[in-house]
Amino acid sequence: MATYLYRLGRFAFRRRALVLTMWLALLAVLGVGAATLSGPTSESFSIPGTEAQQAQDLLADRFPQAGAGGAEARVVFAAPAGEKLTDPENRAAIEATVARLRTGARVGAVTDPLRSGVNPGGTVAYAQVTYKVPADALTEKDREALAGAAEAGRAAGLTVETGGDALREPAEQGIGEVIGFLVAAVVLLITFGSLVAAGLPLVTAILGVGAAMAGIQIVSGFVDLSSNTPTLALMLGTAVAIDYALFIVSRYRHEVAVGRAGIEAAGRAVGTAGSAVTFAGLTVIIALAALAVVNVPVLTQMGLAAVAAVAVAVLIALTLLPALLGFAGDRITGKRGRTREGSPGGSPGTAGDDRRGRTRDPEGGGVRPTAGRRWARLVTRRPVLTLLGATLALLVIAIPALDLRLGLPGDNMAGPQTTQRKAYDMLTAGFGPGFNGPLLVVVDAGPGADARAVAAEVSTAVTGLPDVARVGPATVNPAGDTAILQVIPRSAPDSRETTDLVHAIRDQDEALRGEIFVTGTTAVNIDMSAKLGAALGPYLAVIVILAFLLLTLLFRAVLVPLKAIAGFLLSVAATFGAVVAVFQWGWLAGPLGVEQTGPVVSLMPVILIGIVFGLAMDYEVFLVSRMREEHVQGAAPGQAVVNGFGHSARVVTAAAIIMISVFAGFVLSPDSMIKSIGFALAAAILLDAFVVRMTIVPAAMALLGRRAWALPRWLDRILPDVDVEGDRLRAEPDAPRPEAELVGADR
């Protein structure tokens, strides 16, 4: 592989004008396509194979007049202290508000709160507003009309608050992403000491993310995509694009610093560091593509979109970046000229290293041990103590994960001062905690049966179940074969009792006539959590097996991939602990802008495991491939760990800080799901890069010694030699330097 990528790097450097023109042309085509073919994204999602989804599909077929899929809003009224809503003045205020609600351009129906929506005490009532279009199709004018009607009710002396998905506006990108990008720029400038060198990773990241986002926009014109799909692709694409370019630029500067011509330095940088980038990108792609195993369309879309962003980042790093290096010429090294570089896959035995693996100043200075080498020596001097201490620290951080609760974001997760949360609390106080999570029981009576009679039997049976507060009257479709019952639990939507009630209602299917389905937001949440929990094992197995095979091929060892996977599990456990501590327990909630604690978003575990696995393997590849390179060149196992870590630590540290900054920027998002994912990924990279990869990994490698690189002979014969360290490149003399290739690039 290194040889092929070496040739690719030389070609891109030599024919840089052609490569740049081709990429700019591709971006132009994608931009035109995005502008002309893009379609709207959706806030809705489906979960195939669950009973709640079967019920939703049945409702859409049997009750088309109900406008299935339309947005909904609840307008909640509370009487002034000491009064009732049925008092003449309050009744008139409610009637005026309802009349104004019905004038909305996209409003399909508004229920009368005075007939069926008043609590027994007469102090709280609600009107259900159903729209003709989904929530993501509502305009700002529609939401202003809803807010204006509520304000009119307040002006009449009532307490009026609104909730429901009609108020949920599409998430917009904010200042957080810009802050993350600026931090990345500062880190790159400090790392390289050159504006040109720092700017190249940023330029390639912008172009790569732009291409990926344009492609997603084009696909949205033909496929119904989730509104969160572009955000995940943007988040990951930006982070990996900067990191991959950082490693190759760093290696290029190292090759130039030891005296190689620009075209040769580009070839060797792409052949060595580019090989590591390719394998690192493949691990991320495997982890993200495997999200399709869960069989939740929104997860599949998010995973595949992010796969596209990562793939584009790899391609740009291997082709466009060496072309830009050709245009940069000597400016890539900055004013200080040739400086020492320590990059993953750096060449041992060159002018930049002494025999003990310490970095030597290429300008003729003495040996200068780097901070990374000093840290590696400290860790490997006491490997057992270091390994136990770091592992114990991660396990302690992981303790809150034992209290992990999953749920879907709703009005209960809104900030305490928002109208959605106030409406939720008013309904809870007026009608009980279960009123905010009603269950929709769909009764399919079957051909020739009386749906109303069957529904009456079901209503009687369900009323007798524990934790049922009320069963509403049946609504029968025009064909007379299907009925709907609304069941109000006594317990809160996210309680264990409500989950048991859903299962108990479904169990009645065998004892009663017809088929019984349970759906609604609460049932969908329960089914989603169950489906994701069941898929977690197979999903983990798929990514772990595929990544083990890939890492075994890369490192030609068995223990190294096993160690990498064990470290990943520690990182994920600690990350879940941090997420629970912040988003459920409320630790540091104020500084992080978490307005309301509650269950972790159901999609979080699977998304986090997939992304963190891929990114964790990135750093494993960059660090350990350099250690293996030192080992195969004859260094003792312990010295190979120190040398490899010393060459890699500075760049890996910069890459981790950049990735943490990019992800942390999404914590400022107003969307609770994006906020939690951004925090989780930032915490995961922090723990994995600095505790696992830069502390546990060198300690474990020092303990394993030569056994770390052991490979059974039968397996050695089977595995192809991909030569990711570029051994063949070192065995060959530098390629000749035609003058035509050097003009304007490597003076």
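# Close-up views of the model

**View 1. The charged end of Arg 74 sits over the ring of Tyr 126, 5.2 Å from its centre.** To count as over a ring, NZ of Lys or CZ of Arg must be within 6 Å of the ring centre and within 35 degrees of the ring normal. What you're looking at is a predicted model: local features need pLDDT of at least 70, side-chain atom pairs count only at pLDDT 80 or more, and totals for chains, interfaces and linings use all residues. Residues are numbered from 1 along each chain as its sequence is written, and side-chain values use heavy atoms, with hydrogens and water left out.

**View 2. Here is an open sheet of four strands, in the order 2-3-1-4, with antiparallel pairing.** Its edge strands are strand 2 (107-110) and strand 4 (159-163), each of which pairs on one side only. From one strand to the next, the twist averages 20 degrees. Helix 6 (residues 140-155) packs on the sheet and touches strand 1, strand 3 (124-131) and strand 4. The direction of helix 6 makes about 160 degrees with that of strand 4. A few terms: helices (H or I, at least four residues) and strands (E, at least two) are DSSP runs, numbered from the N terminus. Two strands pair if DSSP finds at least two bridges between them. Contact means heavy atoms within 4.5 Å. Axes are lines fitted to C-alpha atoms, for helices over the stretch in contact, and angles run from 0 to 180 degrees between N-to-C directions.

**View 3. Strand 1 (residues 72-78) runs antiparallel to strand 4, joined to it by five bridges.** With strand 3, strand 1 pairs in the antiparallel sense over seven bridges. Take Val 76: its bridge partner in strand 4 is Glu 161, and in strand 3 it is Tyr 126. Next along, Phe 77 has Val 160 as its bridge partner in strand 4. In a regular strand, side chains alternate between the two faces of the sheet. Strand 1 is largely enclosed by the rest of the structure, because six of its seven residues are buried. Buried means under 20% relative accessible area, exposed means over 50%, and partly exposed is in between (1.4 Å probe, protein chains only).

**View 4. The structure holds eight aromatic pairs, one of them formed by Phe 247 and Phe 622.** Their ring centres are 3.6 Å apart and their planes at 25 degrees, so the pair is stacked. Phe 247 lies in helix 9 (residues 229-257) and Phe 622 in helix 20 (residues 604-632), so the pair ties together parts that are 375 residues apart in sequence. Phe 247 is buried, with a relative accessible area of 0%, and so is Phe 622, at 1%. Rings of Phe, Tyr and Trp (its six-membered ring) pair if their centres lie within 6.5 Å; planes under 30 degrees apart count as stacked, over 60 as edge-to-face and the rest as tilted.

**View 5. Tyr 126, Phe 431 and Phe 435 are linked into a cluster by ring pairs.** The rings of Phe 431 and Phe 435 are stacked, because their centres are 4.4 Å apart and their planes at 20 degrees. Phe 431 counts as partly exposed, at 23% relative accessibility, whereas Phe 435 counts as buried, at 2%.

**View 6. Strand 6 (residues 439-444) and strand 10 (residues 515-519) pair in the antiparallel sense over five bridges.** Within this pairing, Val 441 stands opposite Val 518 in strand 10. Strand 10 is mostly covered, with four of its five residues buried.

**View 7. Ala 198 has its place in helix 8 (residues 195-220).** It is buried, with a relative accessible area of 5%. Not counting residues up to four places away in sequence, Ala 198 touches Leu 188, Leu 189 and Phe 192. The C-alpha atoms of Ala 198 and Ala 245 are separated by 9.9 Å, and these residues are 47 apart along the chain.

**View 8. Confidence is lowest in helix 25 (residues 739-742), at a mean of 39, and highest in helix 14 (residues 383-398), at 95.** Over residues 338-366 the pLDDT is below 50, and beyond near neighbours in sequence this stretch has 92 contacts in the model. Residues 735-747 also have pLDDT below 50, with 28 contacts beyond near neighbours. The pLDDT is the predictor's confidence in each residue, from 0 to 100.
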